[in-house]
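Biologist: I would like to learn how to read helix packing and salt bridges in a model. Please take me through it one feature at a time.

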Amino acid sequence: MIVGLPKEIKDNEYRVGLTPAGVRALTDAGHKIVVETNAGEGSGFGDELYRRAGGIILGSADDVWEQSDMIVKVKEPIAPEYPRMREGQLLFTYLHLAPDSALTAELLKRGVTGVAYETITDRKGTLPLLTPMSEVAGRMAIQVGAHYLEKMSGGRGILLGGVPGVPAARVVIIGGGVVGTNSAKIAVGMGAHVTIIDNNLDRLRELDDIFLSKIATLASSAYMIHDAVAHSDLIIGAVLVPGAAAPKLVTRSMLKDVPNGAVIVDVAVDQGGCIETTHPTTHSNPTYYVEGVLHYCVANMPGAVPRTSTFALTNATLPYALKLANRGFVDAINSDPGLKAGVNTYKGKLTYEAVAVAQGREYTEADSLLR
């Protein structure tokens, strides 16, 4: 198989789909890897490292897309990349289609086989390719929040951990999954008062055992969320419904009771955000205010730490990329139900039900297209 590695072009996106080690693993398996020049530069991987790993450097993104049977990326294609996609091409990347009707329409129109990192499952039912970036984003969320709480950054002028005789900041984390847990680790480590809200009581028990008396836990309800955010300095949106649009758990009316200069970091922005006032921002222009509350809603947060993120991502994605390349698409997904769960578009049909529901489109079961 010819595998293409284009350079990411989303605003301030410095990650790359494969490390040189990942390219080496694919070439050792007998595949041809074409790499756009400078694709890995932002993550510290020069063209020469890819050449040594067996990659073939091409001068343009058009050449990479044109020659490749499978494209391995990090972020979903954006408008300039749409014309490069073609029928039957396998696109292996984060797609986050639920809030992105335009991209969904393009994938369906062009007959692209879209396999989304974020909906692939493992035997435990977890999301192994979403986990590493959720870990990065969760830890980053507290760093970012602490920065924007500083007065010169537009916040309330509060030190996250406080000092002796002065209360620490109050951090509310909505969602107790991978993002929420990693956010809590950093917030607790910095000395903040941390509250985690989740609708799964068993998960709250697990978090209580993990953090002991260092956090408070709340069962999710509109009343409890409103009360918690009204007394918060930093709110982390960490809700995930796999493949589907995130529910809006914090409404605009709730924000009227949040202190001016408080900060929201909505990590769920990729799936539309769990704060009603969320809209995607970029690293170039990351923040805005609603009701006096500073919102940070960058849709590719881990792109700010690309070297860490690229290593973590390739560690998780490479076994699946190898399976798709070695066995071919149909055989690969038939041999692995978790990988089949990653198929969002195939033969011009939408094959992931949660996306179909979110967009009001027709859903087609992938198995029916494989017969």
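Modeller: Start with contact, which means heavy atoms within 4.5 Å. Keep in mind that this is a predicted model.

Biologist: Which residues of α5 meet α6?

Modeller: On the α5 side they are Thr131, Ser134, Glu135, Gly138, Arg139, Ala141 and Ile142. Their counterparts in α6 are Val178, Val179, Asn182, Ser183, Lys185, Ile186 and Ala187. Sorted by class, this contact has six nonpolar, five polar and three charged residues.

Biologist: How is the packing of two helices described?

Modeller: By the angle between their axes and the distance between the axes. Here the axes of α5 (residues 131-148) and α6 (residues 178-189) come within 7 Å and cross at roughly 40°. The crossing is right-handed.

Biologist: Now salt bridges. What counts as one?

Modeller: A side-chain nitrogen of Lys or Arg within 4 Å of a carboxyl oxygen of Asp or Glu. By this rule there are 20 salt bridges. One of them joins Asp28 and Arg24, at 3.1 Å from N to O.

Biologist: Why are Asp28 and Arg24 separated by about one helical turn?

Modeller: Because they are four residues apart in helix α1 (residues 20-28). Asp28 counts as exposed, at 55% relative accessibility, and Arg24 as partly exposed, at 44%.

Biologist: Which salt bridge links distant parts of the chain?

Modeller: Take Arg156 and Asp233, whose closest N and O atoms are 2.5 Å apart. Arg156 is in the loop between α5 and β7 (170-174), Asp233 is in the loop between α8 and β10, and the two are 77 residues apart.

Biologist: Is Asp233 buried or exposed?

Modeller: Buried means under 20% relative accessible area. Asp233 has 2%, so it counts as buried. Arg156, at 32% relative accessibility, is partly exposed.

Biologist: What else does Asp233 touch, leaving aside its neighbours within four places in sequence?

Modeller: Besides Arg156, its contacts are Leu149, Ile158, Ala169, Arg170, Ala262 and Val263. The Asp233 side chain also reaches the backbone nitrogen of Arg170, at 2.8 Å.

Biologist: Where do Lys323 and Asp336 lie?

Modeller: Their side chains meet in a salt bridge, 3.0 Å from N to O. Lys323 lies in helix α10 (residues 306-327) and Asp336 in the loop between α11 (329-335) and α12 (337-340), so the bridge ties together parts 13 residues apart in sequence. Lys323 is partly exposed at 25%, while Asp336 is buried at 14%.

Biologist: Which residues do salt bridges with shared partners join into one network?

Modeller: Lys10, Lys75, Glu76 and Asp270.

Terms used
Residues numbered from 1 in each chain as written. Predicted model: local features only at pLDDT ≥ 70, side-chain atom pairs only at ≥ 80, totals over all residues. Heavy atoms only, no water. Buried < 20%, exposed > 50% of the residue type's maximum accessible area, 1.4 Å probe, protein only. Polar contact = N/O pair within 3.5 Å; in protein donor to acceptor, adjacent residues only side chain to side chain. Axes fitted to C-alpha atoms, helices over the stretch in contact; angles between N-to-C directions. Left-handed = near helix turned anticlockwise from the far one by under 90°. Nonpolar A, V, L, I, M, F, W, Y, C, P; charged D, E, K, R; others polar.
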